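Subject: Structure handover and findings

Dear colleague,

My notes on it follow.

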Amino acid sequence: MIECLITAGSSGSGKTSVAVGLLSLLQKKGYNVGSFKCGPDYIDPMFHRAVMGVESHNLDLFLASADRVKEFYQRYSAGKTAVICEGAMGYFDGLGGITDEASAWKVADTLDLPVIAVIDAKGASLSIAAQILGLKSLRQPHHIVGVILNKCSKMLYQRLKPVLEAETGVKIIGCLPYVEGAEFSSRYLGLYTAGEISDINQRIDKIADALEDNLDFEAFEELCDRGPEASILTCRKTRANYGKPEASANCKTHSKAKIAVARDDAFCFLYEETLDTLKEQGAEIVFFSPLHDEGLPKGVSGLYLPGGYPELFAGELSFNEDMLKDIKSAIESGLPTVAECGGFLYLCESLEDGNGDIYEQVGIFKGAATNKEKLVRFGYSLLSQEEDSLLFRKGEEVPMHEFHYWDAADPGSDLLATKPLGGRSYRCAYSTDTLYAGFPHLYLAGKPKLAARFVEKAAAFGKRRGEK
């Protein structure tokens, strides 16, 4: 089985281009491919899905335990013959930017994965050796087995390869020259989503073709082939935790509930592992579109409004008045609801779009949500609450991440968010017996008991409604 993690010294070095190019190339060569993304990012897995036509998954050592991450990796790589993990930020950039905790290196070390480093070679030559040596020396084991030079011509690669290998002891297995028309543009939350790029497959095909012409594929296979036993060993390490409610998604309740999950261009930030965890807790997932549908699906007893880009579709969402009224009525009647970041924006009284125009939204929370044109909150925190609620229990700490440029007139104050380093804290979000709504993104897959509480509450709501 081919397995590797793609990393770099920093963001913007070409990790995504190399990762999607490799995924496409592996498929072309007949491999059954799977993919993962380190960290909480939603967007890069969308690019992976565009390549493979199957789901991609996240591996996050802050939002989930090491055993849980091992379990996810084992489960979602099962049956694959090649798996590519894409790192986040720089190789060692972890919690708070000053530790290696939850970094791509930590994921590689936890899963014992071979690592391919992508080095941006533009404007450099022998100095690339210093970058490689630095990546090799900071932590042990470094796991780096090969290097791909990005933005490097084939001619320069052929000249640099023997020199860099002699200086570093690391195999230089290929290069990715500049590919005209294959760039991926960015906005405030990172890359544009795959669905927004009309010629995404053509761009990825160009990258894959360039890699095929400039990658020593046999060397790549040799360096990253962990053999048929590697994943079995991972499974054995994890199996001791199966069946424990707080450590495994395999814990199940007898609750049955139909949960409506928003999924369209406005609400696209969904962790597939979280959806799977909800299903394992007894939920039936029913997707719907706040943009296009006339109302909530019939017979639902729970509502999940994930993040995304509702601000880019504020007008269209506002014009769908029947949906706005239906959601407001359902929430006010006690429908158990989880609304994260973009989902929370949608529940505000009004929302500013990218052009500065204000549009009415659902109206559960008073005031407008507006563009602050800068990061309002960023990074990991731990959430706690002084009393029990829909998802939380008194005194319990739940990991989350936050990243948004829009802010609400009143973002809520029911929860205390505490930074894991330094202890800085702030109040945020709304958290009641039937509702969680706020900017923090939760990872229910990392805390199955939260998913179980949501499903149980939804099942109880459905039962009460059925008895009336």
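A residue is called buried here when its relative accessible area is under 20%, exposed when it is over 50%, and partly exposed in between, with a 1.4 Å probe and protein chains only. Helices (H or I, at least four residues) and strands (E, at least two) are DSSP runs, numbered from the N terminus. The model is a predicted one: local features need pLDDT of at least 70, side-chain atom pairs count only at pLDDT 80 or more, and totals for chains, interfaces and linings use all residues. Residues are numbered from 1 along each chain as its sequence is written, and side-chain values use heavy atoms, with hydrogens and water left out.

Helix H10 and Glu-273

Helix H10 is largely enclosed by the rest of the structure, because seven of its nine residues are buried. These are Glu-272, Glu-273, Thr-274, Leu-275, Thr-277, Leu-278 and Glu-280. The helix covers residues 272-280, and just after it Gly-282 takes a positive phi of about 110°.

A polar atom of its side chain lies 3.2 Å from the backbone nitrogen of Asn-58. That is a polar contact, meaning a pair of N or O atoms within 3.5 Å; within protein, one must be able to donate a hydrogen and the other to accept it, and residues adjacent in sequence count only if both atoms are side-chain atoms. Leaving aside residues up to four places away in sequence, Glu-273 touches Ser-56, His-57, Asn-58, Phe-72, Tyr-76, Tyr-443 and Ala-445, where contact means heavy atoms within 4.5 Å.

Aromatic rings

Rings of Phe, Tyr and Trp (its six-membered ring) pair if their centres lie within 6.5 Å; planes under 30 degrees apart count as stacked, over 60 as edge-to-face and the rest as tilted. The structure holds 19 aromatic pairs. One of them joins Tyr-91 and Phe-92, a tilted pair with 4.7 Å from centre to centre and 50° between the planes. Tyr-91 is buried at 1% relative accessibility, and Phe-92 is buried with a relative accessible area of 11%.

Phe-344 and Phe-365 form an edge-to-face pair, because their ring centres are 5.4 Å apart and their planes stand at 65°. Phe-344 belongs to helix H13 (residues 342-347) and Phe-365 to strand E16 (residues 365-371), so this pair ties together parts that are 21 residues apart in sequence. Both Phe-344 and Phe-365 are buried.

Ring pairs also link Tyr-42, Phe-72, Tyr-76, Phe-269, Tyr-271, Tyr-309 and Tyr-443 into a cluster. Phe-72, Tyr-76 and Tyr-443 are among the residues that Glu-273 touches.

Two charged side chains sit over rings, which requires NZ of Lys or CZ of Arg within 6 Å of the ring centre and within 35 degrees of the ring normal. Lys-29 lies over the face of Phe-217, at 4.8 Å from the ring centre. Arg-377 lies over the face of Tyr-426, at 3.6 Å from the ring centre.

A sheet of four strands

Strands of a sheet pair through backbone hydrogen bonds, either parallel or antiparallel. In this analysis two strands pair if DSSP finds at least two bridges between them. An open sheet of four strands runs in the order E15-E14-E16-E19, with mixed pairing. Strand E15 (358-360) and strand E19 (406-408) are at the edges with a single partner strand each, so one side of each has no neighbour in the sheet. Strand E14 (residues 348-352) pairs with E15 in the antiparallel sense over three bridges, and Leu-351 has Tyr-359 of E15 as its bridge partner.

Backbone and loop details

The peptide bond from Gln-140 to Pro-141 is cis, with omega near -5°. Pro-141 lies in the loop between helix H5 (127-137) and strand E6 (144-150).

Ala-102, a residue other than glycine, has a positive phi near 65°. Its place is in the loop between strand E4 (82-86) and helix H4 (104-111), and Ala-102 is buried, with a relative accessible area of 17%. Ala-429 likewise is not a glycine and has a positive phi of about 70°; this residue is buried at 0% relative accessibility.

Glu-311, in the loop between strand E12 (302-305) and helix H11 (314-319), is buried with a relative accessible area of 3%. Glu-311 and Glu-352 are 41 residues apart in sequence and 6.4 Å apart in space, C-alpha to C-alpha.

Yours sincerely
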